[in-house]
Amino acid sequence: MKLSGWGRYPVLDARTYRPRSVDALRDLVLSEPHLVARGNGRAYGDSAINTSATIETQHFNRMIAFDPDTGQLVAEAGVLLGDIIAAFLPRGWFPRVTPGTKFVTIGGAIAADVHGKNHHKDGSFRACVDWIDIMGADGEIRRCSREEDATLFDHTLGGMGLTGIILRAAIRLRPVETAWIRQTTIAAPNLQSAMAAFEAAQDATYSVAWIDCLGAGGNLGRSLVMLGEHAECSDLPSVQACASFNIKSKRKLSIPLDFPAFTLNGLIVRVFNSLYYWAGARKKGEQLVDWDSYFYPLDAILGWNRIYGRKGFAQFQCALPLQQAEAGLTALLTETSKAGAGSFLAVLKRFGKQNSAFSFPMEGYTLALDFPVNAKSLALLERLDKITVDHGGRFYLAKDSRMTAATLRASDPRVDGFKAQRKSQGLATLFQSAQSERLDL
Amino acid sequence: MTKPLVLILGARSDIGKAVAHKFASLGYAVQLAARNASTLDPDKADIELRYAVPVTLHEFDALATETHEAFVMGLPKLPMVAVCAVGLMGQQAVNERDIAAAVRVMRSNYEGPASIMAVLANSFEERGNGTLVGVSSVAGERGRATNYVYGSAKAGFTAFLSGLRNRLSKRGVHVVTVLPGFVATQMTEGMDLPAKLTADPREVADTIARAVERKKDVIYARPVWRMIMLFIRNIPESIFKRMKI
């Protein structure tokens, strides 16, 4: 079966299995030479593909228990964040950490140790995970947490599914009073003012910026910084709105076909970016936004990955340490703008502190860009890799589809330790993905 | 306000599960019936957590027809909607040679489902309301070399549901016949099915819930199947017998 990640590049021919029970899963673990688990396929590249055996976890999708006193939810790994929101937001609970799509599984969120707009304050997904049940190469299920088998816990968060098959987890939800977010938009004419806005907003619960990656000269790094807080009942205009968490599900757009490759050329993106910036700059101040539009604007366009055409697209996401962030971001944006390569979705975000064995975030700034796959952008990505490494940065494996093993090692001194840990625990041979082979993990 | 109640027969099947989730999401309390019902405990917990509705488990063997009256009498409450998703495809090649296997397929798709529907129909008729939903198959619309054992039993079930609907239409009881077409389930796993014609179990569940609400009679998961079956039913037998479909 042809498999790819959300970026639709690369496309690989892979054998897939969909076990329906722990016993069926164990049989696969004990009989297949190499395999990797796959959740909802939202990693952009080849993280969740193994050509000889990709184990789809869609049948492990049951919720097991919820404790309203602590907000702890126990669920199987294939449960989507969207399922959790559908079930628990009406009762006043929301995921503590969520990435920009609700179509990720709990297993995937753990494997990539995803982050959200509150990373600067609350940390990565790890922060909401109490424990994980994981099946090892011997078919045994181990429960790991900060106290119990902490090494396995540390390496599983951010371990890209390479430490075993995540079966179940206990995660904490946050109590919320309403389904609304108070959003404040700050128009930042350049990178320095965008970064200043982030630094001034360290106390905001959520912060993220849309950045115009084609802005050059004085416009370099022109951004809309968006801050958010969970609205309380008293913030809402009517008592009625508070009593009900139900927000009518909006009509979903869907992209019915692959756009031709030239659709998102530099000119169109340039025009879009200008219009978007000025539209955003005009609605300065505070607005009430529903949770779905605030956290998951792109989920409203089903299959948005098709706008990049049949060849797919590649994401670039790096994190830069605080000290070198401004210089690094300036170099990255200058290079992108010079290449005139239109990145439609460009996101800048301040990261807070992060303590973990192999997770992506580090205190500083993260920049995410995406490009249609073609020779020109692949060459640009190589240059962006180099700038990142030169500024002490590292890369998000959940987005990667084309980096080399050498680049990864140059960027991240933790790689060899992670690999050694996998070897010593007998996990390195069985648990492999196309990405782990490419990156020699 | 008491919640309406739905009974799912064959609750371990993918379509049965999807229908249980759908009705629970609409606020129905759920009765799950299957063999070894206690193994459905995780599904019970899942549905209760997701939709905050009560779920009960009931031991039910479609082939033990002599137990069906006692099964219905033994339900804590007679449901408003009963969905029968019991079925067994088997393998045609086996069914052709192994008569015991063929009889099992016939009984699982016709005798068992018709028996339990008959018992429920009488209870619903006595009460004067309710909806019966039978999941049959497009395979029952015309016998084909590739699965006529399964198809013939489904044809029997479809005819049974049609007769039941005719009998009960003036007695306040509605009967829905579901001919899903291809569905991506455990039954069809590994088959090479055309994507455009293949529904997800959740699509089937949505269609069933809509049909119950709007009192539809015969439904397909995807509308295109109505056209396909119209065409297939009308091919002259002299031509059909030579076709490979």
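Biologist: How many salt bridges are counted between domain 1 of chain A and domain 2 of chain A?

Modeller: In this predicted model, chain A is divided into domain 1 (63-177) and domain 2 (180-405). A:Asp292 forms a salt bridge with A:Lys102, and their closest N and O atoms are 2.9 Å apart, which falls inside the 4 Å cut-off. Between domain 1 of chain A and domain 2 of chain A the count is two salt bridges.

Biologist: Which element gives the most to the side of domain 1 of chain A that touches domain 2 of chain A?

Modeller: The count between these two domains of chain A is 17 residue pairs in polar contact, both residues being at pLDDT 80 or more. On the domain 1 side, the elements that give two or more residues are α4 (119-122) and α5 (150-156) of chain A. With three residues, the element that gives the most is α4(A).

Biologist: What is the area buried between chain B and chain A?

Modeller: The contact between the chains takes 13 residues from chain B and 14 residues from chain A. In chain B, the residues that lose the most area to chain A are B:Leu49, B:Arg50 and B:Glu189, together 60% of what that side buries. Carbon and sulfur atoms give 43% of the buried area, which is about 1000 Å².

Biologist: Which residue of chain A meets the side chain of B:Asp14 in a salt bridge?

Modeller: Between chain B and chain A the count is four salt bridges. In one of them, at 2.7 Å from N to O, the side chain of B:Asp14 meets that of A:Arg20.

Conventions
Residues numbered from 1 in each chain as written. Chains lettered and ligands numbered in written order. Predicted model: local features only at pLDDT ≥ 70, side-chain atom pairs only at ≥ 80, totals over all residues. Heavy atoms only, no water. Contact = heavy atoms within 4.5 Å. Buried area = accessible area lost by both parts, 1.4 Å probe. Domains from an automatic or database assignment. Polar contact = N/O pair within 3.5 Å; in protein donor to acceptor, adjacent residues only side chain to side chain. Helix = DSSP H or I, 4+ residues; strand = E, 2+ residues; numbered from the N terminus.
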